[in-house]
Amino acid sequence: MAKWFETHLPKIVLAPSFIAILIFVYGFIAWTAWVSLTRSRLLPKYEIEGFIQYERLFDSPRWDTAMNNLYIFGALFIGVSMILGLVLAILLDQQIRVEGAIRTIYLYPMALSMIVTGTAWKWILNPGLGLEAMVKGWGFETFTFDWLVNPDMAIYTVVMAAIWQSSGFVMALFLAGLRSVDTEIIRAAQIDGIPTWRVYVSIIIPSMAPIFLSAFIVLAHLAIKAFDLVIALTGGGPGYATDLPATYMYAMAFSRGDIGQAASSAMIMMLVVFAIVVPYLYSELRARND
Amino acid sequence: MARAVTTQRKALNTLAAWTVGLLIFFPILWTILTSFKTEAAAIADPPVFLFFDWTTENYSAVMQRSDYAQFLWNSIVIAGGSTVLGLIVAIPAAWSMAFVPSKRTKDILLWMLSTKMLPAVGVLYPIYLLFIRLGLLDTKIGLTLVLMLINLPIIVWMLYTYFREIPGEILEAARMDGASLRDEILYVLTPMAVPGIASTLLLNFILAWNEAFWTLNLTAAKAAPLTAFIASYSSPEGLFYAKLSAASTMAIAPILIMGWFSQKQLVRGLTFGAVK
């Protein structure tokens, strides 16, 4: 008995985590998928009716706005965070004094709740108080910065705060990558008189391709899941101008009492994540098994 | 990429790095400064930076709100509880994957981690309904359980990356010397795993402390933690900036301080073990 226990112990201790994740993630996703095919409103119903919820979803102008915002937000957030993160990493790689402390400061935004730091952002973006008032105070009377309350521009304030939150994280990833580049090759290039920027463009950055990929995956899933940023900054407003899929789903489930819509929007988000993450995991697995 | 850099260049680079650091830190610094202003000074036009009458009235005002202590206590219980529970479940699992790997271990790990990528909204509603049925809605136990489950994949993954750095030969040597499985775990493994467990603990505490999606959706008044408190405080545009800043400062202070004194763990934790 004791012998049996010792040989099977590894599996037994793994089981709770395995089962918990299986039920709580896949079991509940299956439930959501099921409900998304019904006519559920305030309460879930379980008779399958087909794809009516998805038809309603794709006809909804609010969902349209949410998806458009996701494209704008995702593209800008991922692109700018990566570029900024790379620039910051190269800067920190130049033998800076007290590097540990500054690395921590760059990472602080990622460690703090956006719900909380959103306070400061609301102040900065508030036309009457923050940046606009400050620049006007310096004598530039015509300066306006009212993106927060402008329906066409409000989504860009969400992008700004998101970049602020994540570029330190990307920086830390890239910094680790820069440190792992083979210094012999770089020294050889320098002896050959190749300018530093060429060394970066042609040798260092290409050799960090895997890090770009992981940074992209992490940022992409953060973009799709973005929720507290919007809640903290704009609450989805003005109107629903800054809705993202996650806040759309939240509004449908809890203020509109439309579970069917909530479930179908959740499924679409899930499909988008799958489309990005699955190929990545597949290539990871292949690389590991070879 | 380490290269020889002249002293002057080095000073210039350091200056640039700290300027960027200050810019990044500015929103946090501003919150802290505002928390010491009067409400009138907080919305002064043009804004004042350092030369205002420093006051702690916002802190006493926030503290006097009967419910603040309750929110703080909820945050501590939920973040601490879900972290401890998560570690209890995850340590054996990570141990098993790191030291007794099977052919499927890598697949299981990646699969676990991939679930963390899925948007939480996909499982929100079923959990919400389940909570209503079990009477767990707006309770600390319910939220603790959910946050534990949500962060479990990350905890397992983090612990695994740490455990893997412990050389297996040491365990073999201990076994050769006649150590039982219990001795092995208690006297050999645990002491070597403490740093890894500590930074996993820190990361998970931070994640749970900051959690907004689940806390806003699954709590109302009784079990709501600080994030929900601040979200409720910030509704009317600019009404109580100074008091809101005081509440915010108190909510971020533990993380700022803990993070500063465990910088290595913070960096490694926030990058999911990618940066050592």
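Axes are lines fitted to C-alpha atoms, for helices over the stretch in contact, and the angles between them run from 0 to 180 degrees between N-to-C directions. The structure shown in these views is a predicted model.

**View 1. Helices H9 and H12 of chain B cross at roughly 165°.** Helix H9 of chain B covers residues 181-210 and helix H12 of chain B covers residues 241-261. Their axes come within 11 Å. Angles over 145 degrees count as roughly antiparallel, and H9(B) and H12(B) are therefore roughly antiparallel to each other. The crossing of the two helices, H9(B) and H12(B), is left-handed. On the H9(B) side the contact is made by B:Leu202, B:Phe205, B:Ile206 and B:Trp209; H12(B) contributes B:Ala251, B:Pro254, B:Ile255 and B:Met258. Sorted by class, the contact of H9(B) with H12(B) has eight nonpolar residues, with no polar and no charged ones.

**View 2. B:Pro153 sits in helix H7 of chain B.** Helix H7 of chain B runs over residues 140-163. B:Pro153 has a relative accessible area of 4% and is buried, the limit for that term being under 20%. B:Ile230 is 77 residues from B:Pro153 in sequence, and the C-alpha to C-alpha separation of the two is 28 Å.

**View 3. B:Asp138 lies in the loop between helices H6 and H7 of chain B.** Helix H6, on one side of this loop, spans 121-134. B:Asp138 is not a glycine, yet has a positive phi of about 60°. With a relative accessible area of 11%, B:Asp138 is buried.

**View 4. A:Trp63 and A:Tyr248 form an edge-to-face aromatic pair.** A search of the whole structure finds 20 aromatic pairs over all chains, and the pair of A:Trp63 with A:Tyr248 has its ring centres 5.1 Å apart and 65° between the planes.

**View 5. One aromatic cluster holds residues of chains A and B.** The cluster is formed by A:Phe227 and A:Tyr250 with B:Phe213 and B:Trp214.

Conventions
Residues numbered from 1 in each chain as written. Chains lettered and ligands numbered in written order. Predicted model: local features only at pLDDT ≥ 70, side-chain atom pairs only at ≥ 80, totals over all residues. Heavy atoms only, no water. Helix = DSSP H or I, 4+ residues; strand = E, 2+ residues; numbered from the N terminus. Buried < 20%, exposed > 50% of the residue type's maximum accessible area, 1.4 Å probe, protein only. Parallel < 35°, antiparallel > 145°, perpendicular 65-115°, else oblique. Left-handed = near helix turned anticlockwise from the far one by under 90°. Contact = heavy atoms within 4.5 Å. Nonpolar A, V, L, I, M, F, W, Y, C, P; charged D, E, K, R; others polar. Phe/Tyr/Trp six-rings, centres within 6.5 Å; stacked < 30°, edge-to-face > 60°.
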